[in-house]
Amino acid sequence: MTTALELSAITYCHPGAGRPTLAGIDLDVQDGEMVAVVGPSGSGKTTLLRVAAGLEQPETGDVLIDGISVLDVPPEGRDLTVMFQKPHLFPHLNVLDNIAFADRLRGLSRRQSRAAAQRYLELVHLGDLGRRRPRELSGGQEQRVALARGLAATRRVMLLDEPFSALDTSLRGAMQQLLMEVRAALSPTIVIVTHDLDEAGLADRVAVLVDGRVEQLDAVAQLYAAPKTVAVARLVGGFNEVTGHVSAGVHRSDLGSFTLPATCRVAGAAILLVRKERLELVAVDAGSALAGRVVQVRQSGPRQEVTVELDPSATGQRVRLDVEVRLGTVLRLGDRTGVLVPSSDALWSVPCPDGEVGERLVELREHDAGRHQGTGPTTRLEQGERLR
Ligand SMILES: Nc1ncnc2c1ncn2[C@@H]1O[C@H](COP(=O)(O)OP(=O)(O)OP(=O)(O)O)[C@@H](O)[C@H]1O
């Protein structure tokens, strides 16, 4: 596989901004690959696309297409197409000529460019609407035409900036389905900026942008199973976080001691990450369950979530865990319940960000030191044993 687009050590600062928007971006997109760019609002996603497209010039770094620097090439010469949230169709041209426009610019005859445009129009399931004007289209149809026009114009890489975010949920779903069909038919190379993690899941890899840097570039399943940092975990969402520390592959905290998967190579101050849907509510006296009581029950869309406050640990701390349960599970505030923490392969841990290594961690370390004083070498606690 060849690298279609590469951003190398890109830095960029908006005029008047206090700090760089892009602070050393490295990103490669392989031929035929779809890479999604996600990140908190203001993290620089659109700026990154604009730099790739040549609409902004980076301060340092390079943009390469097929291994050749295009820094000196203007946007229209870069073989990249950008598609924005708003379709921006030409109002005076009919749908077919909107799609045929790029080929006409490249010098193709009207007949050739319209024939190609018709094929793209059929690909987006609007084969009959070629003669309509953009004002005669619904929002969803307009966005399909914009996609067809983008595909017709693209020679190398398509850059999509939240292209479906203005559409309602069902239209967005339909456009995502269409994007999959287009990928299966044409294997275009795509970079898509999105806020929607489900949409990002359509991509081969997802780049998580935090503070102007690519914090992680991985398949979406990896972001859920093995986030590199707490910022990535928070962006992905759905994790319980418990601060503690790791030594010899065991995370120790007020929740207890949990062996981490061998692939998790964190040491020192670290946050244990446990996904809400991997915790299980069981009978309060069930074997290795942690006991507590229900302090909140809430419904969010098709999901039901329960917050359980665990009985105090030996150090007096009351850890709260969010648990996703089956919709319709009957639970009342104050109910006693057990919480079963999954086995090590469903756990993960990330380093504590510097600012979050707080007093609690110091207390935990002191507690551990006291616990093991005079008892010889530290023994590994059993999985799930609370500190006492
Ligand atoms: N033209 C500009 N001049 C000055 N600052 C800008 C300009 N455009 C964007 N910024 C700032 O640069 C930062 C990154 O903006 P950008 O639009 O790239 O972020 P984003 O991740 O795409 O955000 P969102 O998800 O909200 O669309 C923001 O702090 C924004 O306010």
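In this predicted model, six strands form an open sheet whose order is β6-β7-β8-β3-β9-β10 and whose pairing is mixed. A second open sheet, of four strands, runs in the order β2-β1-β4-β5 with antiparallel pairing. Helix α1 (residues 45-53) lies across β3, β6, β7, β8 and β9 of the six-stranded sheet, and α1 also packs on the four-stranded sheet, where it touches β1, β2 and β4.

**The six-stranded sheet**

- Helix α1, in lying across β3 (34-38), β6, β7, β8 and β9 (205-210), runs at about 150° to β7.

**The four-stranded sheet**

- In the sheet with the order β2-β1-β4-β5, the edges are taken by β2 (22-30) and β5 (68-69), and because each has a single partner strand, one side of each is left without a neighbour in the sheet.
- Where α1 packs on this sheet, touching β1, β2 and β4, the direction of the helix makes about 115° with that of β1.
- Strand β1 (residues 3-12) is joined to strand β4 (residues 60-65) by five bridges, and the two strands run antiparallel.
- Two of the residue pairs that can be named between these strands are S8, whose bridge partner in β4 is D62, and E6, whose bridge partner in β4 is L64.
- Strands β1 and β2 pair in the antiparallel sense over seven bridges, and L7 has L27 of β2 as its bridge partner.
- As background to reading such strands, the side chains in a regular strand alternate between the two faces of the sheet.

**The shell around the ligand**

- The residues that surround the ligand are H14, G16, A17, T21, G39, S41, G42, S43, G44, K45, T46 and T47.
- Sorted by class, this shell holds one nonpolar, 10 polar and one charged residues.

**Packing of the helices**

- Two packed helices are described by the angle between their axes and the distance between the axes.
- Helix α2 (residues 95-105) and α3 have axes that come within 8 Å and cross at roughly 125°, so the two helices are oblique to each other, and their crossing is right-handed.
- On the α2 side the contact is made by V95, L96, I99, A100, D103 and R104, and on the α3 side by S113, R114, A116, A117, Q118, Y120 and L121; by class, the contact of α2 with α3 has eight nonpolar, two polar and three charged residues.
- Helix α3 (residues 110-123) and helix α4 (residues 139-153) have axes that come within 9 Å and cross at roughly 135°, and α3 and α4 are therefore oblique to each other, with α3 passing α4 in a right-handed crossing.
- Here the contact is formed by A116, A117, Y120, L121 and L123 of α3 together with A148, L151 and A152 of α4, and the residues of this contact divide into eight nonpolar, no polar and no charged.
- Helix α4 and helix α5 (residues 169-186) pack at an angle of about 20° with their axes 11 Å apart, so α4 and α5 are roughly parallel to each other, and α4 passes α5 in a right-handed crossing.
- The residues that make this contact are G140, Q143, R144, L147 and L151 of α4 and L171, A174, M175, L178, V182 and L186 of α5; by class, the contact of α4 with α5 has eight nonpolar, two polar and one charged residues.

Key: Residues are numbered from 1 along each chain as its sequence is written. This is a predicted model: local features need pLDDT of at least 70, side-chain atom pairs count only at pLDDT 80 or more; totals for chains, interfaces and linings use all residues. Axes are lines fitted to C-alpha atoms, for helices over the stretch in contact, and angles run from 0 to 180 degrees between N-to-C directions. Angles under 35 degrees count as roughly parallel, over 145 as roughly antiparallel, 65 to 115 as roughly perpendicular and the rest as oblique. A crossing is left-handed if the near helix is turned anticlockwise from the far one by less than a right angle, and right-handed if clockwise. Two residues are in contact if their C-beta atoms, placed from the backbone, lie within 7 Å. Ala, Val, Leu, Ile, Met, Phe, Trp, Tyr, Cys and Pro count as nonpolar, Asp, Glu, Lys and Arg as charged, and the others, Gly among them, as polar. Two strands pair if DSSP finds at least two bridges between them. A residue is near a molecule or strand if its C-beta atom, placed from the backbone, lies within 6 Å of it.
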